[in-house]
Amino acid sequence: MILMNDFKAEQKALRETMLASTSRVIDSGWFILGKEVEDFERSWADMCGSKYAVAVGNGMDAIEIAMRSMGIGQDDEVITTSMTAFATVLAIVRAGAKPVLADIDRESALISLASVERCLTSNTKALLLVHLYGQMRQMDKWQQFCKEKGIYLIEDCAQAHLATWQGKKAGTYGEAGAYSFYPTKNLGALGDGGALIISKSEYAERALRIRNYGQSSRYHHTEYGMNSRLDEIQAAILLEKLKLLPEYTERRQVIGKKYRESIDNSLIRPLAKPEEQSAHVYHLCVYTCNHRDDLMNHLKNCGVESLIHYPVPIHKQPPCINLPRDPCGLEESERHADSCFSIPCHPYMSDEDINDVIVAMNSYKGN
Ligand SMILES: *Cc1c(COP(=O)(O)O)cnc(C)c1O
């Protein structure tokens, strides 16, 4: 079976360096907020071309802390897409703000500007832009739009490590960018992890306090914070994996491009081609098909695993059915949820695996 992710292969390749990093932390006798986390924050900020990075417990917390560090909370509305991971929306709720759901563009599955315009109210405080599947598009438009409307731009970069638009990395267009290092992400820890990158020192300092109980100096607390810290062992492991991220990203891009060139089946539709000035990092390779379930069954019979990202749009999730949304509806999100599927795309796929996936996709004849 060609799997969506191959963790065993990945851990095998990195086993020795990860064990050495873990030993280093064990021997240091220092496990929370120490040198490894500081090193990782410096490296991640540099790699993203950002001034500050704050390492936290997971990607969802990174989004919440980003919002809280700029004072977004009660009575504030934050617009985001209904086609995303549940954590995107849960983070807004956890920050005490109100999510407002916008629809997507059919071609890219990314949030639609026209829909966001319809979601604006006098309470809108921020747009939480999700670089879904690793795509970055129209960043100049988004930046200008948020500036014009006087709202914050925050980027959910959980699927977009090293993605760029006009050479600038995900998370540097907005006030903050939130990353997840959940094991399946393009940069994954051996457990939970996350970070936010941030350009203003004022927000970065506040984020550093919020992740650690709102503590300003030992046992002095300026606000109710959280406990959301990346631990030293995960930071040490991420420092090693970081070195391979550019190479892994290139491999994903080779696979994405190969699929784009070679998958040719009138029953299967690819997403829009990445914009010329962008680097898509192919966290997921997503297609749509009107006979999706039948097609996924065919892939399985060909030995190819596939998954759905995401089968239920946010507004159809039980806790979200009454959330405010685009008054014209969220039809494209629903259509996408009913027809999308993701095929394997990870750095440990062999050329033969890639070819087998293409053959499986092209041999589908419909039901
Ligand atoms: C994974 C993911 C998150 C949440 O990250 P966790 O580390 O699992 O909390 C948020 N947003 C998107 C788009 C994601 O894919």
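Colleague: Which residues of α1 are buried?

Modeller: Bear in mind that this is a predicted model. Helix α1 covers residues 7–28 and bends by about 65° at R15. Its buried residues are covered by elements including α2 (35–48) and α8 (232–262). Those buried residues are E10, L14, M18, S21, T22 and V25.

Colleague: Which residue just after α1 takes a positive phi?

Modeller: Helix α1 ends at residue 28. Just after α1, a phi of about 70° is found at G29.

Colleague: Is S228 buried or exposed?

Modeller: S228 lies in the loop between β11 (220–221) and α8. Beyond its neighbours within four places in sequence, S228 is in contact with residues including A55, V56, N58, I65 and R211. Buried means under 20% relative accessible area. The relative accessibility of S228 is 2%, so S228 counts as buried.

Colleague: Which side chain makes a polar contact with the side chain of S228?

Modeller: The side chain of S228 also reaches a backbone atom, the nitrogen of G57, at 2.9 Å. The side-chain partner, at 2.5 Å, is D61.

Colleague: How is α3 oriented to α7: roughly parallel, roughly perpendicular or oblique?

Modeller: I65, R68 and S69 of α3 meet Y203, R206, A207 and I210 of α7, and the crossing is right-handed. The axes of α3 (residues 59–69) and α7 (residues 201–210) come within 9 Å and cross at roughly 125°. Because of that angle, α3 is placed relative to α7 as oblique.

Notes: Residues are numbered from 1 along each chain as its sequence is written. This is a predicted model: local features need pLDDT of at least 70, side-chain atom pairs count only at pLDDT 80 or more; totals for chains, interfaces and linings use all residues. Side-chain values use heavy atoms; hydrogens and water are left out. The bend at a residue is the angle between axes fitted to the seven residues ending there and the seven starting there. Helices (H or I, at least four residues) and strands (E, at least two) are DSSP runs, numbered from the N terminus. Buried means under 20% relative accessible area, exposed over 50%, partly exposed in between (1.4 Å probe, protein chains only). Contact means heavy atoms within 4.5 Å. A polar contact is a pair of N or O atoms within 3.5 Å; within protein, one must be able to donate a hydrogen and the other to accept it, and residues adjacent in sequence count only if both atoms are side-chain atoms. Axes are lines fitted to C-alpha atoms, for helices over the stretch in contact, and angles run from 0 to 180 degrees between N-to-C directions. Angles under 35 degrees count as roughly parallel, over 145 as roughly antiparallel, 65 to 115 as roughly perpendicular and the rest as oblique. A crossing is left-handed if the near helix is turned anticlockwise from the far one by less than a right angle, and right-handed if clockwise.
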